[in-house]
2 protein chains.
Amino acid sequence: MMHAEIVSIGDELLKGQRVNTNAAEIAAMLSLEGVPLRRITACSDCEDEMQDVFSEALGRSELVLVTGGLGPTRDDRTRNAAQKLLGRGLTLDPASLREVELRVSARGREMTELMRSQAMVVEGSLAIPNIKGTAAGMIISCAPRFSQRHLVLMPGVPVEMQAMMEGTVLPWVRERSETTIIHTPVRTIGIGESTLAEMIVSVEDSLPEGTTVAYLPHGAGVDVMVSTIADLRERAEAENAAVAGAISTLAKEFVYTVGNRSIEETILDMLRRQRETLAVAESCTGGLVASRITDVAGSSEVFTGGFIVYSNMAKEEQLGVSRGLLDAFGAVSGEVARAMAMGCLQRSGASVALAITGIAGPGGATPDKPVGMLALGLARQTAGSPGPHVESSVLFMHGDRLQNKLRFSQAALRMLWESLRRSDSSSE
Amino acid sequence: MMHAEIVSIGDELLKGQRVNTNAAEIAAMLSLEGVPLRRITACSDCEDEMQDVFSEALGRSELVLVTGGLGPTRDDRTRNAAQKLLGRGLTLDPASLREVELRVSARGREMTELMRSQAMVVEGSLAIPNIKGTAAGMIISCAPRFSQRHLVLMPGVPVEMQAMMEGTVLPWVRERSETTIIHTPVRTIGIGESTLAEMIVSVEDSLPEGTTVAYLPHGAGVDVMVSTIADLRERAEAENAAVAGAISTLAKEFVYTVGNRSIEETILDMLRRQRETLAVAESCTGGLVASRITDVAGSSEVFTGGFIVYSNMAKEEQLGVSRGLLDAFGAVSGEVARAMAMGCLQRSGASVALAITGIAGPGGATPDKPVGMLALGLARQTAGSPGPHVESSVLFMHGDRLQNKLRFSQAALRMLWESLRRSDSSSE
């Protein structure tokens, strides 16, 4: 099997001035082709350092893809480093030269020696045309020093790299590849990584050969990524689907999707399918839930809007929560969350209303209501029933202010998702 | 001089499922401390591979910072790889165990062996408390095998890594450094990088030795980072303050703070000082402006709340915008933005109201109103005047949906900041 590595050139990466998105994009492309990646290395544009990195990478892996350092300025030394390492000269690629000439004349400029140098490739390489810029890329066969090894040089400009990968490098890789790899994320909400791991331990203990499971916790839950590599696409797909399905059955109370959709997209799809519209009333999350929902294009079809009711006065005036209720139970209580949800339902005209009230911190706690306390309310119009269905729930989180806001918003989306799931299955 | 490297552990990086933002953040932090970085390597969570990578990195550089693979699941093998490489056992860190126990009991759970394992550190290391999670970090002295070398292990969860860097690792690095480095960000809003650079060219042309200026553009504006390195702290501070002051004078129309405060914090301070309260009415930003404001602790003192009015109906019912106005000018217009601001002012009881209506895209454009169009409205109660002061402004942005939402929110905050600045200076 062919293994690959990525080398990213540039001092700006080592100073943290640029995030290495190129490497992630190339890695994702190779992963979809079933080419496992061994390492990603970022190094400076110093020639000696590059030679060391190239030589080490070619010693380990069959295919080394390099981005950056192919431009016309004096800190662009990648071509030179490859030449020195392999003891090769440069040769002009006529097709690339024509591309550069066309581009230069289209801008009404004169060709300079510097521009011409952009069409020079290392001897013994396949030139990669640059349809988005001027510097030619190249796939260099590294024999005899590194037998059966290839070094691919591409510019660091993302659109130029992407066009070269798609147009030349990936087709070249496909011709040489014997395996297929399939990835499926099983996405969960409301469960921690270790509890989830315990829940699906029986699947992990009997994985078929070629299939692996990885946990990807993030602010919005834990994804379980199921990856399968096999010679035959059909076998890879079948084995991958079986494992993803088994995990999703064992953890079904927490799995909102098998695939790439976010919880926000999942919820919006469910609302659309059930012909519901949504409004929100937010206190402690201060608009975050609404902002997450409206991050999804097309959310305006089902999301009518909301109320940000930070103060008690706003809860009274905008939602009609009674002063008596606020005094008796406090703003962070199941009772007030229910009243907020009911007020939001009535005043928005939506068919589902979600209300969030809590203490994000660091201030605002009282002796019986700690920072991290959250009350959620949900009100739904129900067909054939005299009044709306209302529910509430009280939870406790343990983060700082921003973590709490995110976890509160996540808990609110989870409550909504569970309600929609119940009505989804009851309508089946 | 101490050189450093970063090693990022995780198959998800090699599969391109996650962009390596951790490495960029750590690199930026080290760069600010004057510690040069030699390489960034991402590798799999396979123990043998990690041992190779650690050993190579420790052979080249004095300080190797590792993130990832410290969690409780079986693909978390970083601790084991470090143990095998250095031939060390594990030891329980009592302080970390207490942290884990507190966190677990606060959630009403039972301690398990897996949870307890999160407090184990490699022998001969300094434990790094994890104030945001459960897995302890550690700074491992690698002598005798790697004399004068240190391996730092941290979790891959960004907030946990950040807290460990700031709380323990950077102070530890500073103690070992012989020079002082001072950084001051001069933070701007509403001006591009190249225009800003022209505006302050005279300062850049006469920088004292040891002082550098870097432009850090981000979603919320451009920061000019002024860095001064010197043997004596007093000299570094004085020279740094002089340059930051000169830049802030030249670009004063655009500088909202010299130091680390965000635009949200700056605005909340101005509101507090001027005894104003704020409410917002958001259409296209869908709660993002309110969410950004409520990210700041204590915002409830001056932020009363807001209205998320996605649909025309919501604009009519929640804010009293007239149907006639919506029909005549369209929802995205200066006229409707003014009416939204007036409605928000009246119905919230706040003294300042900010309204945002626009087309974030990709849908929603009309022949005369493109994606990216934004109308802002601002209404303020003014002492001694019969009615509120109202203003509006129409702008055009050119991003995708999420970029537009962020830029819209930024433009709205800028409008508010400018209004508050005028009243700040008129009250002096």
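Author: A residue is buried if 20 or more other C-beta atoms lie within 10 Å of its own. The model here is predicted.

Reader: What makes both faces of S8(B) covered?

Author: Take each side in turn. His150(B), Val152(B) and Met154(B) lie on one side, and each is buried. Leu151(B) and Leu153(B) lie on the other, and they are buried too. In a regular strand the side chains alternate between the two faces of the sheet.

Reader: Why is strand S8 of chain B called largely enclosed?

Author: Five of the five residues in 150–154 are buried, so the rest of the structure largely encloses S8(B).

Reader: How do you know that S3 of chain B pairs with S8(B)?

Author: Pairing takes at least two bridges. S3(B), residues 63–67, has five bridges to S8(B), and the two run parallel. Val66(B) stands opposite Leu153(B).

Reader: What makes S7 of chain B a partner of S8(B)?

Author: The cut-off is again at least two bridges. Four join S7(B), residues 137–141, to S8(B), and these strands run antiparallel. Leu153(B) is the bridge partner of Met138(B).

Reader: How many residues of chain A are in contact with chain B?

Author: Contact means C-beta atoms within 7 Å. By that test, 59 residues of chain A are in contact with 61 of chain B. Strand S14 of chain A, residues 303–309, gives the largest share of chain A's side, seven residues. That side has 29 nonpolar, 23 polar and seven charged residues.

Notes:
Residues numbered from 1 in each chain as written. Chains lettered and ligands numbered in written order. Predicted model: local features only at pLDDT ≥ 70, side-chain atom pairs only at ≥ 80, totals over all residues. Buried ≥ 20, exposed ≤ 12 C-beta atoms within 10 Å, placed from the backbone. Contact = placed C-beta atoms within 7 Å. Nonpolar A, V, L, I, M, F, W, Y, C, P; charged D, E, K, R; others polar.
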